[in-house]
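Take a look at it first, then read on.

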Amino acid sequence: MKIAILSGKGGTGKTFVSVNLASIILNSLYVDCDIEEPDGHLFLHPLNLTENSVNVKIPHIDNTLCNDCRKCVEFCHFNALASIQHRITLFKDVCHSCGGCSLICPMNAISEVDRKIGCIQRGIAGHIEVLTGMLNPGETSGISIINRLMEIANQSKRVTIIDCPPGSSCAVMESIKDADYCLIVAEPTIFGSSNLKMIHQLVSLLHKKCGIVLNKCLDEDNPSEEYARQAKIKIVGQIPFDSYLATANSNGEIAVSKNEKYQKIFTSIYQNILREIKS
Amino acid sequence: MKQLVILSGKGGTGKTTIASAFIQLAHASAYADCDVDAPNLHLINRNFDHQNKEDYHGLVKANINQELCIKCHYCVDHCRFNAIQEGLQFVVNQLSCEGCGVCELVCPAHAISLVSSVDGEITLSFNDDEFFSSATLKMGSGTSGMLVSRVKAQLKEKADNLPFAIIDGSPGIGCPVIASINGADMVLVVTEPSLSGISDMKRIVQTIQKAHLKMALCINKSDININQSLAIKEFAKKNSIPFAGEIPFDEEVIKCINKGKTIIESDSKAKDAIKIIFNRVMKWFLDENE
Amino acid sequence: MKIAIPTINDLSIKVETSFGRAPYYAIYDTETKKYIYLQNIACNSVGGAGIKASQFLVDQKVDAVIAPRCGENAMKVLTDANIKVYQSTSPLIENNITDFLNDKLSLLNEINTGLHRHHHG
C-alpha cells in the first residue's frame, strides 16, 4: 500500500508528517521524492547506505562520420545541437535524451552514452527502509530519478510513505501516480488554503482518494479547514502548532520516537487513512 | 531597472512574507511573483485597476490522428517518456509528453503531429504607475523555467524605466530558480534555523555562487533554534556572504497574512526586525559602487 | 566585417538585454557602413534559445557580437566559431559601434549561467 504525502506549498510539514508516519508504521518504506531538496534522511539517519547513480542518455557524435547535413541540428526541438566549423557540438544541459538525433542521422554518426544527473541512496533506519532521490545541483530535471524511485517502491511489499516534492508540476504527478491514497498537508494561512485548493484539483485529476491533515493549527480561524469542509474532503488529523515540535523539527528529531502525545496523534491519522482506503 | 530577487531554497521559510514587506517598505512600483507553481504574492493586499491575462504556450505536444493510426507500435517503442498509452486507441499523455518529435519522426503512417499546448496563464496587474507580474502554471506542466522568464520579461517590458523591481523567487534549486535569478542584480536568501532549512540553504547558495551574483543572507524564525541560527551566521562568515539580519518567530505574522496584509501593517517584533534587514539590503542592492 | 547587436525591433536604436531572446539583431556592415535588421528565429524557443540564436548568427557569417550579457551556451557556439563577443558600453546601438570602431570595447568576461532544460522544472 502506498500513501503519498503532498502539500503544494513548501514548508507546510510534508516531511514532518512523512517521517513520523513512516516511524509509527512497522516495517515501512520511506521514499523521498523531493529530489531537489531531500530532507527525510536528516531525520531518519539511515545506515548501511548504498548509492546508485541515475543516468540519462546523451548523444555522442562521431565527427569523422558526420557529413554536415545538419539533419540532427534541425530536428532537435530543444536546440541542443549546433553546427560550428563543420563539427556538431552537443549542449548536454538542454538535451532531453529523446534519442531523436541518433535516429535521424543518415551517416550513423550518433550513438548514445550515459550521463549522471543524480543518485538514489538506500539505507535502513531501525525498522524503516529509506530510499532517497537526489538531484545534482546544477541539473534541472530529475523526473528519471523519481521514475526509478517509484520502480523500486513498486517492487516492495512494505507499506510505503512517499514524501512528494512541493508544487504541482509533473514531478509531483509522477510521485503520486502509483499511490493508493494522497494525504494533503495544509497550514492555517491563506497561502496554505490557496495552494490546498490547487493540490486538491491535481489529486482529483488523477482520481486519487485523498484526505487532509491540518498542521500547525492555532486557535484562530483556519482557512484550510474551511476549504476542506466546503470541498467535503475528509480531515484525517489535526496537529496543533507546538513550539516543542518546531524545536524538535529544527533539530532533526522525530516527534513520535519520544513523545506519547504525538504517537497517539499519528497512530490515529494512520488508522483514519486505513479506514478511508478500505471504504 | 535593477532586480532584487528573494529566494529560499526550502519552501515555507517566509520568502513571500518578506518579499511583500519589502515591496511595501520600498514603495516598489514594479514586482513579480516567480513562484508559478504555487503563486501567493497576489494574496497580500493589493488593488489594481487593470489586469491583462494571456495564455502561455509552453512546449508543443504530440497528437495522434486516430483515422490515420495503423497501431504499428513504433511510437510506443521509441518514446523515451512512456507518454503513449496503448489501448483501443493509441493516445499521447499530454502530461508526460515532452514534445521531442521522435514519434512524429518514426510514425510510418504520418499520423502524428506536434501541436502547441496551453501550459499556463500569465497575468499583468497594473495601475498607472504600479506593475505586478505573475503567472500560474497549469498543473502537471513542466515548463516553469520558461514561464518564469516570461513573468520577468513582462515586468521589464512594462516597467524598465522604473529604478528597481522586487522579485519573489521560485523555491527549490532547479530551472525556475535559475530563471528567477537570470539578470538579477542581487539575491536575498531567506533561511530558517532547522536542519532541512540549512541543508536547502547551502544548495541554493551553491546555485547562486555559480551565477556570480551579489548575495545576502537573512534568518527567519531565528529564535526557534538559537544554536542553528549561530551555525548559519558562521556559515555566512566563512563563505563571505553578507549577513543582513534575523527575524524572531512571531505569531503576528500569521494573523497579518491571513488578513491579506503585510507584516509592516502590524506592531510587532517581526516588523521591526524586517525593517532593519530591509534597510541593509536596499543599501547593498542600490549601491552603484559594488 | 559584420557586427551583430541584439535589439528590440527592426527600427530600434536601443540594445536589448537578453542576447538569445532578443526579437531582432541589428547587423552593422563596416564596408557599406549600413545596418540591416534580422528577425531572431530563436526568440520564442522554449529551450536553448541562446544556442539557436548563435547558430543563426554563425550562419549569417557575423564576425563579432556586442551585447550586455551572454549565456554560457551561446558564448560557446560563438567562440567555437571564432566570433568575438564584446561588452556593450551603451544602451544605444550606434554608440557601441562607434566605440567598437575606435577600439574602445573589451571582450565580454562575465558569462551567465542561463536557462537549462525547460520542461519538468
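Between chain A and chain B there are 13 residue pairs in polar contact, both residues being at pLDDT 80 or more. A polar contact here is a pair of N or O atoms within 3.5 Å; within protein, one must be able to donate a hydrogen and the other to accept it, and residues adjacent in sequence count only if both atoms are side-chain atoms. Keep in mind that this is a predicted model, where local features need pLDDT of at least 70, side-chain atom pairs count only at pLDDT 80 or more, and totals for chains, interfaces and linings use all residues. Residues are numbered from 1 along each chain as its sequence is written, chains are lettered from A and ligands numbered from 1 in the order in which they are written, and side-chain values use heavy atoms, with hydrogens and water left out.

**Chain A with chain B**

- On the chain A side, helix 4 (100-104), helix 6 (170-176), helix 7 and helix 9 (243-250) each supply at least two residues that touch chain B; helices (H or I, at least four residues) and strands (E, at least two) are DSSP runs, numbered from the N terminus.
- Helix 7 of chain A gives the most to that side, with eight residues.
- Sorted by class, the side of chain A that touches chain B has 21 nonpolar, 20 polar and ten charged residues; Ala, Val, Leu, Ile, Met, Phe, Trp, Tyr, Cys and Pro count as nonpolar, Asp, Glu, Lys and Arg as charged, and the others, Gly among them, as polar.
- In total, 51 residues of chain A are in contact (heavy atoms within 4.5 Å) with 54 residues of chain B.
- The two chains bury about 4,300 Å² between them, with 61% of it on carbon and sulfur atoms; buried area is the accessible area (1.4 Å probe) that two parts lose on being put together, summed over both.
- Three salt bridges turn up across the interface of chain A and chain B, where a salt bridge is a side-chain nitrogen of Lys or Arg within 4 Å of a carboxyl oxygen of Asp or Glu.
- Arg203(B) and Glu37(A) meet through their side chains in a salt bridge, at 3.6 Å from N to O.

**Chain C with chain A**

- Here 21 residues of chain C are in contact with 21 residues of chain A.
- About 1,900 Å² is buried between chain C and chain A, and carbon and sulfur atoms give 54% of that.
- Six residue pairs are in polar contact across this interface, both at pLDDT 80 or more.
- Helix 1 (49-59) and helix 2 (72-80) of chain C each supply at least two residues of the side that touches chain A, and helix 1 of chain C gives the most, with five residues.
- That side of chain C divides into five nonpolar, eleven polar and five charged residues.

**Salt bridges**

- A search of the whole structure comes up with 20 salt bridges over all chains.
- The interface of chain C and chain A has one salt bridge, and there the side chains of Arg70(A) and Asp59(C) come to 2.8 Å, N to O.
- Arg70(A) sits in the loop between strand 3 (47-61) and helix 3 (71-75) of chain A, while Asp59(C) is in helix 1 of chain C, so the pair joins two chains.

**Helices packing inside chain A**

- Helix 1 (residues 14-24) and helix 10 (residues 260-278) of chain A pack at an angle of about 85°, with their axes 10 Å apart; axes are lines fitted to C-alpha atoms, for helices over the stretch in contact, and angles run from 0 to 180 degrees between N-to-C directions.
- That makes helix 1 of chain A roughly perpendicular (65 to 115 degrees) to helix 10 of chain A.
- By class, this contact has eight nonpolar, two polar and no charged residues.

Terms used
Parallel < 35°, antiparallel > 145°, perpendicular 65-115°, else oblique.
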